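Here is a short report on rings and charges in one protein model. Keep the sequence and the 3D view at hand as you read.

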Amino acid sequence: MGVEERVATLLSTAEECVGGEDELLTLLHRNPRPICFHSFEPSASGRLDIAQGVGKVIDVNKMIRAGCRVKILIQDQRMGGDLNKIRATGHHMIEVWKALGMDLDGVEFVWSSEETNKRAHEYWPMVMGLARETKVGRLASLHPDGKNVMVDQLWEPIMRCADILFLDLEADICQMGMDQREVGMMAREYSEHIEGASKPIFLLHHLLPGLKEGQQKMSNSDPYPAIFMFDNEVDVKSKIKKAFCPVKITEGNPCLEYIQHIVFPWVGKFEVLRNERSGGNRTYVTMEELLADYISGTLHPGDVKPALAKAINQILQPVRDHFKKNYDAKVLCNAAKVSVRFIS
């Protein structure tokens with residue numbers, strides 16, 4: 001794979017590249033094996049939504065194919081509660097990625113509790129340094145209700161920024177969601193104060209919405225308008241059936257976003273099964289042709305929803321099979337206290 005193709009592969013994981021394509025091209029010419037930083041915070045519920053599961057595997061495997069070495073930081077120290085249970089949840093999530101086919105040979109998992117405890121004398125001065133360089137108003141603006149933000153919520157972006165700069169000073173590329181853009185800008189700005197540090201390039205990925213109308217981001221605390229990795233076939237069909245999917249409207253349509261950001265990258269096509277009176281079967285190989293048919297009305301929500309439910313169930317099936325048949329995987333579920341209804 002040539003440098004230009006590697007750049008294109010990396011950019012395909014992002015909605016925005018902070019640093020720009022030119023910086024990315026220069027990096028790959030200078031360093032053929034850059035380090036890419038990901039992070040993951042285990043949820044208190046133990047749930048893993050489809051973006052965190054399938055979406056992360058898509059992105060990580062693309063980065064490995066593009067020649068990157070990937071480090072995933074498991075943020076196990078900021079949730080509070082029983083650290084052993086939190087770490088069990090983290091190991092459980094790694095098992096999900098394994099079942100999905102993440103190229104684990106190209107991935108190193110790093111636990112934030114271990115790294116910061118080993119070098120607390122370096123980590124906390126960096127956190128305080130970031131705090132001194134950041135205005136309260138900037139931090140408060142990152143929250144929906146800036147006037148009623150709690151102190152721990154002000155610290156959260158500072159500590160995320162410190163994770164990037166401290167735990168992976170050698171990281172060249174960082175991937176995170178579009179909602180973390182300001183954290184990336186803070187890290188690039190503060191890197192100028194660190195001797196020998198270079199500005200990391202940020203690949204900001206699209207945020208998959210919830211299935212309700214106007215729900216811009218999925219929530220692990222609400223199991224109904226999101227698809228989770230341990231939803232069974234009936235769960236998936238029910239959630240997609242109830243999902244917002246307005247006729248001929250593509251903007252803000254979560255069903256179409258699932259097709260674009262999950263189904264096409266994973267399967268490479270989208271198959272619609274219909275009787276001849278409704279237009280017959282159709283296989284879409286590009287999102288553009290699917291959108292054109294949807295806008296025209298040739299493709300109806302009644303066609304999209306059952307096809308989407310079927311595609312998602314096919315994607316999730318290897319995870320179901322792995323946790324149903326693999327004893328060690330079942331043990332991880334029990335340790336993390338994750339309820340999996342398809343395991344007998």
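Which residue forms a salt bridge with glutamate 271? The partner is lysine 269, and the closest N and O atoms are 3.4 Å apart. A salt bridge here is a side-chain nitrogen of Lys or Arg within 4 Å of a carboxyl oxygen of Asp or Glu.

This is a predicted model: local features need pLDDT of at least 70, side-chain atom pairs count only at pLDDT 80 or more, and totals for chains, interfaces and linings use all residues. Residues are numbered from 1 along each chain as its sequence is written, and side-chain values use heavy atoms, with hydrogens and water left out.

**Salt bridges**

The structure holds 18 salt bridges.

| Salt bridge | N to O distance |
|---|---|
| Glutamate 271 and lysine 269 | 3.4 Å |
| Arginine 119 and glutamate 122 | 3.1 Å |
| Lysine 199 and glutamate 192 | 3.0 Å |

How open are these side chains? Buried means under 20% relative accessible area, exposed over 50%, and partly exposed in between (1.4 Å probe, protein chains only). Glutamate 271 is partly exposed at 40%. Lysine 269 is partly exposed too, at 33%. Arginine 119 has 25%, so it counts as partly exposed. Glutamate 122 is partly exposed at 36%. Lysine 199 is partly exposed at 39%, but glutamate 192 is exposed at 58%.

Salt bridges also link Glu41, Glu156 and Arg160 in a network.

**Aromatic rings**

The structure holds four aromatic pairs. Rings of Phe, Tyr and Trp (its six-membered ring) pair if their centres lie within 6.5 Å; planes under 30 degrees apart count as stacked, over 60 as edge-to-face and the rest as tilted.

Take phenylalanine 40 and tryptophan 97. Their ring centres are 5.3 Å apart and their planes stand at 80°, so the pair is edge-to-face. Phenylalanine 40 lies in strand 2 (residues 35-40) and tryptophan 97 in helix 4 (residues 83-100), so the pair ties together parts 57 residues apart in sequence. Helices (H or I, at least four residues) and strands (E, at least two) are DSSP runs, numbered from the N terminus. Both residues, phenylalanine 40 and tryptophan 97, are buried.

Tryptophan 97 also pairs with phenylalanine 109. This pair is stacked, with 6.1 Å between centres and 5° between planes. Phenylalanine 109 is partly exposed, at 22% relative accessibility. Phe40, Trp97 and Phe109 form one aromatic cluster.
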